[in-house]
Amino acid sequence: MSAVSGKIDGGLLLAQALANEGVERVFTLCGAHIMPAYYGCKTLGIEIVDVRHEAAAGYAANSYAQTTGKPGVIITTAGPGVLNATTAMVEARDQGSPLLHIGGGAALGALDTRQMQETNTLEIMSPCSVWSRRVYATHRLGEYVAEAFRNACGDAPGPAYLEVPADVLSANCDSKWADRLPQPWRYSSPLLERSVVEGIAAALARAERPVLVVGDGIRYFPDAAAKIAALARQLGMPVHPIGLARGFVGDEAAYPRLRAGVSTVVNADLILCLQVRPDFRAAMVSAANRRGAALVSVHTDSHQIIRGIHPSDRSLSAAPDGVCAQLLEALDGHSVAETSQAWLEQSVAYTEQERTAWLTGFNSSKQPMHPGRCAHEVAEFLRREQPEFTVVADGGDSSLWIREAVTVSAPGQLISWGPNGTIGTGLGFAIGAWFGRRKPVLLFTGDGSFGFHATELDTVARFQIPLIVVIANDSAWGVIKGTEQLIRPAAVAEHGNLATEFSEMLHYEKLGEIWGIDGELVRDFDEIGAALRRAVSTGRPYIINVEISQEDFSPVIAAYGASVKSGG
């Protein structure tokens, strides 16, 4: 029974509905339209994490979902409050991250009177979301919240948007509606027909070079991790993780086969894809399929399944945990072929060969410091001394260097932007990651990306988040500057680096002084480890501003520039 009686307002009923779904905290920025929701959350013990920009709140909710495997919640006020979170919603949509965005709205009773912040945000949010609705009656808030979570966490997970007009949220309704909240929805894994499973199992058993490709969406099926690991061991399959899948199956440092490179996928004779979305990061799957590799693609969302081109290819709508369990049962008693060990060793060799292009940067001793060496020193420090840290990667080239340099041992330990390529997410992601994992966070970011939401250091300081910010500072928008120099050298020679350079290296290490956050400037790679130790010893937020070269770019950017220049 509800602890309240008589009449309750929409803010308390909304909070009751959130608590009913297991919500423990919300990420938000205040506004007059949404204040009743705050009082409701406070009454029920739901933590309010208030930030300095709505986009950062959206990034934090996204990161919270990635680190916990549970949906995050963002609450924004009407008009510009909702609109400021648009990019964060698209980022979550393209990553398949389940979150609920509750947006304030202009009063229903005064619509079309040009009241303050009367903007059709529902229409704007619709293409940014997997589901979007407006609430028209206070007593139906619980019904709508339940439906929003069902859609955010369903077959096609992503951000749901629920608009609550100001007069709906502040109005009273009978407290009985707090006792009539729908049962929280739980995903039920559909199973495949036995004949289909046996066919896939037989193909896997025959394959000489099978590979398992695991996509971002796997993060939200925690029961699948052990089954995927068992299946990979049973068949001697290397695993290629995409995005959030890093660390999901196990420790990459202990088991190099869990971080197989692109070349392994391209040279496989059978590819099993689990929750892999058909974006550019999975291009090697289609390339291998065109070269003759058999393809089995499994995804809960039928619209996200990668389609093969061969009659024997399988495209299946099912949940990865259930499919893996069925395959393990069908393969019971199957012994790993002698060729499997050779294939695993070949996969490791492929991956090491791909890595050679990165080693030049990792091992560079040039000055100003190579960005790859900066990332390498940070990654080595974490590996040796702080392996439990959550790592957030932001920026263009900066994120590429650190993602390649670090090894991951647990799901949600490495957080970064997805296929939308949204930079500037770092501080928001770091805030959400702290509340999700409750382990210290290291944000590795470029100086341009850091500037997007630098005032979120206020949020970090207020909530005493043990965050170390390492800024790889080249005083430029490095990716754009680098690619322009590669693909249009004549134009750069004639006009210079247009709008891609800052006037000088800014001393970001001093910025945190406003909030009592210490920092230091580093110019030599030999000093990075000592700086990180000093940062860890404080147990407080800390900024390490690292001056890096303006002329060195990652292998990804170099390859992209060469491809564009050649017309490839």
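Colleague: What do the buried residues of H13 pack against?

Modeller: In this predicted model, they pack against H9, helix H10 (224-235), strand S11 (270-274) and strand S12 (294-299).

Colleague: And which residues of H13 are buried?

Modeller: H13 covers residues 320-330, and its buried residues are Pro-320, Asp-321, Gly-322, Val-323, Cys-324, Gln-326 and Leu-327.

Colleague: Where does Tyr-187 lie?

Modeller: Tyr-187 is in the loop between strand S8 (172-174) and helix H9 (194-206). Leaving out residues up to four places away in sequence, Tyr-187 touches Cys-153, Gly-154, Asp-155, Phe-221, Thr-300 and Ala-319.

Colleague: How far apart are the C-alpha atoms of Tyr-187 and Cys-153?

Modeller: They are separated by 7.5 Å, with the two residues 34 apart along the chain.

Colleague: Let's switch to helix pairs. At what angle do the axes of H15 and H16 cross?

Modeller: Helix H15 (residues 371-385) and helix H16 (residues 397-405) cross at roughly 40°, and their axes come within 9 Å. That angle makes H15 oblique to H16. The crossing of H15 and H16 is right-handed.

Colleague: Which residues of H15 and H16 meet there?

Modeller: From H15 there are Pro-371, Gly-372, Ala-375, His-376, Val-378 and Ala-379, and they meet Trp-401, Ile-402 and Ala-405 of H16.

Colleague: What about H1 and H7, how do their axes cross?

Modeller: Helix H1 (residues 10-20) and helix H7 (residues 141-152) cross at roughly 35°, with axes that come within 9 Å. The crossing of H1 and H7 is right-handed. On the H1 side the contact is made by Gly-10, Leu-13, Leu-14, Ala-17 and Leu-18, and on the H7 side by Leu-141, Gly-142, Val-145 and Phe-149.

Colleague: Now aromatics. How many aromatic pairs are there in the whole structure?

Modeller: A search of the whole structure turns up nine. One of them is Phe-435 with Phe-463, an edge-to-face pair at 5.6 Å centre to centre, with 80° between the planes.

Colleague: Which parts of the chain does that pair link?

Modeller: Distant ones: Phe-435 is in helix H17 (residues 426-437), while Phe-463 is in the loop between helix H19 (457-462) and strand S17 (467-473), 28 residues apart. Phe-435 counts as buried because its relative accessibility is 4%, whereas Phe-463, at 21%, counts as partly exposed.

Colleague: And the geometry of Phe-450 and Tyr-508, what is that?

Modeller: Phe-450 and Tyr-508 are edge-to-face as well, at 5.2 Å centre to centre and 75° between the planes. Phe-450 is in helix H18 (residues 447-452) and Tyr-508 in the loop between helix H21 (489-495) and strand S18 (518-522), so the pair ties together parts 58 residues apart in sequence. Both Phe-450 and Tyr-508 are buried.

Colleague: Which residues form the aromatic cluster?

Modeller: One aromatic cluster is formed by Phe-27, Tyr-64, Phe-435 and Phe-463.

Colleague: While we're on rings, where does the charged end of Arg-180 sit?

Modeller: Over the ring of Trp-177, 5.3 Å from its centre. Likewise, Arg-403 lies over the face of Trp-417, at 4.4 Å from the ring centre.

Colleague: What is the phi of Arg-438, then?

Modeller: It is positive, about 60°, although Arg-438 is not a glycine. Arg-438 is in the loop between H17 and strand S16 (441-446), and at 42% relative accessibility Arg-438 counts as partly exposed.

Colleague: And Ala-499, what is its phi?

Modeller: Near 55°, again a positive value in a residue other than glycine. Ala-499 lies in the loop between H21 and S18.

Colleague: Is Ala-499 buried or exposed?

Modeller: Exposed, because its relative accessibility is 74%.

Definitions and conventions: Residues numbered from 1 in each chain as written. Predicted model: local features only at pLDDT ≥ 70, side-chain atom pairs only at ≥ 80, totals over all residues. Heavy atoms only, no water. Phe/Tyr/Trp six-rings, centres within 6.5 Å; stacked < 30°, edge-to-face > 60°. Helix = DSSP H or I, 4+ residues; strand = E, 2+ residues; numbered from the N terminus. Buried < 20%, exposed > 50% of the residue type's maximum accessible area, 1.4 Å probe, protein only. Lys NZ or Arg CZ within 6 Å of the ring centre and 35° of its normal. Axes fitted to C-alpha atoms, helices over the stretch in contact; angles between N-to-C directions. Parallel < 35°, antiparallel > 145°, perpendicular 65-115°, else oblique. Left-handed = near helix turned anticlockwise from the far one by under 90°. Contact = heavy atoms within 4.5 Å.
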